[in-house]
Amino acid sequence: MKTVEEIEAAIEAAVPGAGVEIVSNPSVSLQHSLRLAPSHAFAVATFLRDDAELSLDFLSNATGVDWPEKEIAEKVKVTRTVTKTVEGVEQQVEETVEETKKRVVPGCLEAVYHLFSVAKGHGPVVIRMKTANRTDQVNLPSLTPVWRSAEFQEREIFDLFGIVFTGHPDLRRLLMWDEFKDHPMRRDYVEPDDFEYEPTAHDEVLKRAEAHRARLAAATPVQEGAGA
Amino acid sequence: MADDGLKIELGKQGVFVTTIEELYNWGRRSSIWPMQFGLACCAIEMIATTMARYDLARFGAEVFRPSPRQADLMIISGTVTKKMAPQVVRLYNQMAEPKYVIAMGACAISGGPFKQGYNVLKGIDRYIPVDVHIPGCPPRPEALLQAFITLQKKIDGQHLTGEGRPRHLDAEAQGEFPVPVPGEHDLEPTSNPGVWPVPITIR
């Protein structure tokens with residue numbers, strides 16, 4: 001099979017300006033992936049499926065990844081000029097100081113597709129797409145028209161991660177009920193507080209049960225002197 | 001008729017003595033028809049229980065009814081997801097009295113291995129009264145048979161009048177159980193306090 005670089009070159013040749021980016025995987029598996037620009041993703045996907053040499057006709061798996069907003073603290077060496085008194089003489093001295101700088105990496109949602117070729121017997125080719133953010137711009141093009149097997153999996157991603165696939169023929173929740181508002185697989189999902197009764201001897205669970213009781217006690221004020 | 005010895009003695013002489021209560025309970029316990037529905041892997045064990053090797057027919061419970069109107073027993077066989085729970089309660093409401101419930105397996109009695117999940121109900125006893133709980137993941141057919149025997153003993157022990165009489169003989173008893181509504185974050189309400197008062201843990 002072609003390497004990721006070759007596939008990327010083939011895509012660029014077939015779909016000009018596709019903006020495909022190689023995401024390398026430094027782990028043992030060396031399973032590098034291609035990040036598609038959502039604007040060209042549909043054309044690229046069609047090419048991957050229809051290209052005679054690649055003919056990636058089978059989508060085996062589609063899933064989502066949640067990347068929450070992350071604050072990264074980095075130590076940066078900064079050189080600045082300081083006025084100092086050296087040996088009784090006031091001098092301008094250059095000094096190198098380590099400073100901690102914080103930068104915020106914006107969060108996003110990502111859809112990942114694993115493609116194989118049944119005809120050629122090769123794969124997987126991993127393609128992914130990123131949304132602009134995690135709140136209001138969560139649209140990605142649906143690949144269901146290209147690979148029919150994406151239909152339920154994209155519905156599941158929509159259900160659990162909240163990515164809205166434009167062009168999907170029937171985008172409804174798959175596992176949770178229609179009235180449900182949350183997306184349970186997101187990192188910041190808050191579970192319902194139903195820890196009324198936890199006989200489980202797991203510390204984490206017992207802590208949450210304790211917190212539940214404390215919240216209940218705070219919500220219902222003790223009726224003191226009610227009988228007086 | 002408390003004297004069992006006398007009864008046996010009379011029986012030897014060809015005299016059959018009984019009470020209405022005994023006869024009534026014998027009839028009730030000997031033809032418990034379960035409802036034909038399964039929720040997850042426990043249902044496979046339930047099916048095995050009905051087949052020749054374990055033979056549920058020995059207990060008069062072989063007739064699985066596909067309609068709640070004709071069933072006496074609901075075997076909650078498997079994981080009750082929060083999406084499925086309203087339907088289970090609705091089916092229970094549609095069953096005619098007298099009706100019984102066996103919660104089969106870890107999931108049905110507490111949520112089991114999926115207890116901390118966002119989508120699984122922590123035990124069906126939060127919404128409907130359960131007569132027999134069987135632990136196990138899944139329980140073996142023998143365990144389900146044990147549950148049947150336990151249920152039969154429970155029926156046999158019931159008096160038709162006074163405190164603790166069966167629900168269908170009690171005009172005041174609650175016959176219909178509120179069906180939970182799927183809400184924005186969880187089922188509403190999360191439990192029926194009339195059926196499931198929060199248990200107190202004593203350590």
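The C-alpha centres of domain 1 and domain 2 of chain B are separated by 32 Å. These domains span residues 1-30 and 33-152 of chain B, respectively, with bounds taken from an automatic or database domain assignment. The structure is a predicted model, in which local features require a pLDDT of at least 70 and side-chain atom pairs count only at pLDDT 80 or more, whereas totals for chains, interfaces and linings use all residues. Residues are numbered from 1 along each chain as its sequence is written, and chains are lettered from A and ligands numbered from 1 in the order in which they are written.

The confidence of the prediction is considered next. The mean pLDDT of chain B is 89, and 99% of its residues score at least 70; pLDDT expresses the predictor's confidence in each residue on a scale from 0 to 100. For the complex, the predictor reports an ipTM of 0.76 and a pTM of 0.82.

Chain B contains six helices and five strands, arranged along the sequence in the pattern α-α-α-β-α-β-α-β-α-β-β. Helices (H or I, at least four residues) and strands (E, at least two) are DSSP runs, numbered from the N terminus. Along the principal axes, the C-alpha atoms of chain B fill a box of roughly 70 × 40 × 40 Å. Chain B comprises 203 residues, of which 34% are classed as buried. A residue is buried if 20 or more other C-beta atoms lie within 10 Å of its own, exposed if 12 or fewer do, and partly exposed in between, with C-beta atoms placed from the backbone. Among contacts in chain B with a separation of 6 or more, 76% involve residues 24 or more positions apart; a contact requires C-beta atoms, placed from the backbone, to lie within 7 Å.

Three strands of chain B form an open, parallel sheet in the order β1-β2-β3, where pairing requires that DSSP find at least two bridges between two strands. Strands β1 (73-77) and β3 (132-134) of chain B are the edge strands, each pairing on one side only. Five bridges link β1(B) to strand β2 (residues 100-104) of chain B in the parallel sense. B:Leu73 has B:Tyr100 as its bridge partner in β2(B), and B:Ile76 stands opposite B:Ala103. Strand β2(B) is mostly covered, five of its five residues being buried. B:Tyr100, B:Ile102 and B:Met104 point one way from this strand, while B:Val101 and B:Ala103 point the other way. Helix α3 (residues 42-50) of chain B lies across β1 and β2 of chain B, at about 130° to β1(B). Axes are lines fitted to C-alpha atoms, for helices over the stretch in contact, and angles run from 0 to 180 degrees between N-to-C directions.

Five strands of chain A make up an open sheet of mixed pairing, in the order β1-β2-β7-β6-β3. Its edge strands are β1 (21-23) and β3 (58-67) of chain A, each of which pairs on one side only. Neighbouring strands of this sheet are turned by 30° against each other on average, direction ignored. Strand β3(A) pairs with strand β6 (residues 108-117) of chain A in the antiparallel sense over nine bridges, and A:Ala62 stands opposite A:Tyr113 in β6(A). Helix α3 (residues 150-161) of chain A lies across β3 and β6 of chain A, running at about 10° to β3(A).

A:Ala214 is located in helix α4 (residues 203-219) of chain A. This residue counts as exposed because it has 10 C-beta neighbours inside 10 Å. A:Ala214 and A:Arg148 are separated by 66 residues in sequence and by 50 Å in space, C-alpha to C-alpha.

Between the chains, 14 residues of chain B are in contact with 15 residues of chain A. The side of chain B that touches chain A consists of four nonpolar, six polar and four charged residues. In this classification, Ala, Val, Leu, Ile, Met, Phe, Trp, Tyr, Cys and Pro are nonpolar, Asp, Glu, Lys and Arg are charged, and the others, Gly among them, are polar.

Methods: Two residues are in contact if their C-beta atoms, placed from the backbone, lie within 7 Å.
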